[in-house]
Amino acid sequence: MNSRLSRRQFAALTASAAFAAATGCAGFAQALNQPPAGFKALFNGQDLTGWRGGDTFDHRKYLAMDAAARAKQDAEWTADMRAHWSVQNGELVNDGHGKYATTVQDYGDFELLVDYKTVALADSGIYLRGVPQVQIWDYTEKAKFNLGADKGSGGLWNNSPGAPGKDPTVLADKAFGEWNSFRIVMVGSRVSVWLNGKQVVKHALMENYYDRKLPIPAKGPIELQTHGGEIRWRNVFIREIGATEASKILASHGEEGFQSVFNGKDFAGWSGPLDNYEIVDGAVRCKAGKGGTIFTKEEYADFTARLEFMVPSGANNGLAIRYPGKGDTAYEGMCELQVLAEDYEQVHKAKLDPRQVHGSVYGILPAVTGYQRPPGQWNFQEVTVKGSKIRVELNGNLILDGDVATVKEFMANSPHPGKDRASGHFGFAGHNDPVSFRNIRIKKL
């Protein structure tokens with residue numbers, strides 16, 4: 001058997017290797033518009049199947065439209081889009097005008113691979129979950145240097161000035177006439193971008209252009225923006241990221257300085273009503289019908305805690321923040337940070353105050369909802385406490401960023417005498433439901 005490669009085989013293999021190196025994909029890519037293993041093609045290389053027209057439009061408002069209004073809007077956008085987009089030799093081509101090529105399907109966490117080639121003076125980008133945008137510049141256009149064009153493509157251009165990710169960390173654009181390759185990883189509102197094999201954005205929070213007080217929508221479309229000059233696209237591939245991988249990605253960033261406070265085997269280093277809790281598969285779980293606050297023997301002043309939690313349907317628990325070791329967690333400690341299933345209202349047929357939802361500072365500060373994974377799945381949460389300020393990031397989305405010292409009105413007019421505590425224990429405030437916690441780490445600040 002002859003094991004030597006023919007010239008054609010060798011050329012094909014070399015091309016695949018070059019594509020893989022440019023995009024940062026593991027392994028060799030296949031032929032034009034054929035996705036690597038684990039990915040699916042958003043563009044089939046032949047027509048606009050799977051794409052509709054889109055615009056700079058809040059996806060939450062789009063979803064809130066009634067079916068007839070949304071269909072009418074889709075028809076208008078899509079008719080305009082199709083007048084300016086075409087398929088040529090396996091490339092998706094836009095003439096520099098018209099509405100944006102927008103996926104019909106919405107996506108949550110994902111890895112996106114995209115090749116593009118544009119021309120001088122063009123200005124484009126990629127909307128993630130319908131939010132602008134990963135920027136594509138003419139990095140030689142001096143008239144736009146004041147906007148950051150000279151820094152190159154790949155930045156999250158609509159982030160606030162000076163915010164992480166606003167500008168790319170390195171100029172990685174290729175010369176006009178050459179293909180550029182993006183690799184974009186989005187978990188929650190956290191975005192990392194590689195351009196031509198160089199990382200230009202590292203795990204930055206992408207701001208919601210439409211309402212900066214809210215995180216990016218949990219799901220939304222991918223949009224290829226058109227602006228001012230021809231742009232060509234090919235090899236548009238996506239891989240959806242599941243909950244387990246998403247948590248690993250979130251935990252892989254900024255882990256320096258964190259120390260485990262739970263060994264997964266016993267309650268060494270913990271106090272409180274420990275008999276009301278159990279250890280199951282390396283996680284600490286409140287026993288059904290039991291409760292009370294268990295807490296670390298060590299006290300903390302300013303800190304960041306990272307952990308994973310899983311809530312059954314309708315379940316309730318809480319994080320004890322600067323707990324004194326006795327008394328009501330929510331009132332005697334700095335606060336109880338709610339851990340609550342997002343279907344709690346439906347299950348219990350109860351109306352919650354916004355200061356009772358998951359991630360809220362109970363009775364004091366409300367959190368944003370809609371970012372918890374379904375009951376029975378593990379969630380990744382990061383909590384930072386600095387002075388009187390508390391910041392909560394859930395599955396990569398900033399759901400609370402507030403200051404308890406500024407609050408003058410409390411739920412049910414109940415005072416919180418412990419809210420100004422400067423230090424205390426960290427723990428879990430069980431309320432009869434089998435809520436589980438694992439991978440619990442704390443970093444002192």
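Glutamine 133 has its place in strand E8. Helices (H or I, at least four residues) and strands (E, at least two) are DSSP runs, numbered from the N terminus. The peptide bond from proline 132 to glutamine 133 is cis, with omega near -20°. This is a predicted model: local features need pLDDT of at least 70, side-chain atom pairs count only at pLDDT 80 or more, and totals for chains, interfaces and linings use all residues. Residues are numbered from 1 along each chain as its sequence is written, and side-chain values use heavy atoms, with hydrogens and water left out.

**The open sheet**

- The order E2-E5-E12-E7-E8 describes an open sheet of 5 strands with antiparallel pairing. Two strands pair if DSSP finds at least two bridges between them.
- Strand E2 (51-54) and strand E8 (131-136) stand at the edges. Each has a single partner strand, so one side of each lacks a neighbour in the sheet.
- From one strand to the next, the twist averages 30°. Axes are lines fitted to C-alpha atoms, for helices over the stretch in contact, and angles run from 0 to 180 degrees between N-to-C directions.
- Strand E5 (residues 100-103) and strand E12 (residues 223-225) run antiparallel, joined by 2 bridges. Here alanine 101 stands opposite leucine 224 in E12.
- Helix H3 (residues 67-82) packs on the sheet and touches E2 and E5. Contact means heavy atoms within 4.5 Å. The direction of H3 makes about 100° with that of E2.

**The E23-E24 hairpin**

- Strand E23 (residues 389-394) pairs with E24 in the antiparallel sense, over 6 bridges. Arginine 391 stands opposite aspartate 401 in E24.
- The hairpin has 2 residues between its strands, and asparagine 395 takes a positive phi near 50°.
- Strand E24 (residues 397-403) is mostly covered, with 5 of its 7 residues buried. Buried means under 20% relative accessible area, exposed over 50%, and partly exposed in between (1.4 Å probe, protein chains only).

**Salt bridges**

- The structure holds 24 salt bridges. Each is a side-chain nitrogen of Lys or Arg within 4 Å of a carboxyl oxygen of Asp or Glu.
- Glutamate 255 bonds in this way with arginine 441, the closest N and O atoms being 2.9 Å apart. Glutamate 255 lies in the loop between helix H4 (243-251) and strand E14 (259-260), and arginine 441 in strand E26 (residues 436-444), so the pair ties together parts 186 residues apart in sequence. Glutamate 255 is partly exposed at 28%, whereas arginine 441 is buried at 11%.
- Arginine 322 forms a salt bridge with aspartate 302, with the closest N and O atoms 2.8 Å apart. Arginine 322 sits in strand E20 (residues 316-323), and aspartate 302 in the loop between strand E18 (291-300) and strand E19 (303-310). Arginine 322 is buried at 2% relative accessibility, while aspartate 302 is partly exposed at 26%.
- Arginine 232 forms a salt bridge with glutamate 230, and their closest N and O atoms are 3.1 Å apart.
- A network of salt bridges links Glu111, Arg183, Arg239 and Glu245.

**Positive phi in loops**

- Lysine 349 has a phi near 50°, a positive value in a residue other than glycine. Lysine 349 is in the loop between helix H6 (344-348) and strand E22 (379-386), and is exposed at 75%.
- Asparagine 413 also is a residue other than glycine with a positive phi, near 55°. Asparagine 413 is found in the loop between E24 and strand E25 (424-431), and is exposed at 72%.
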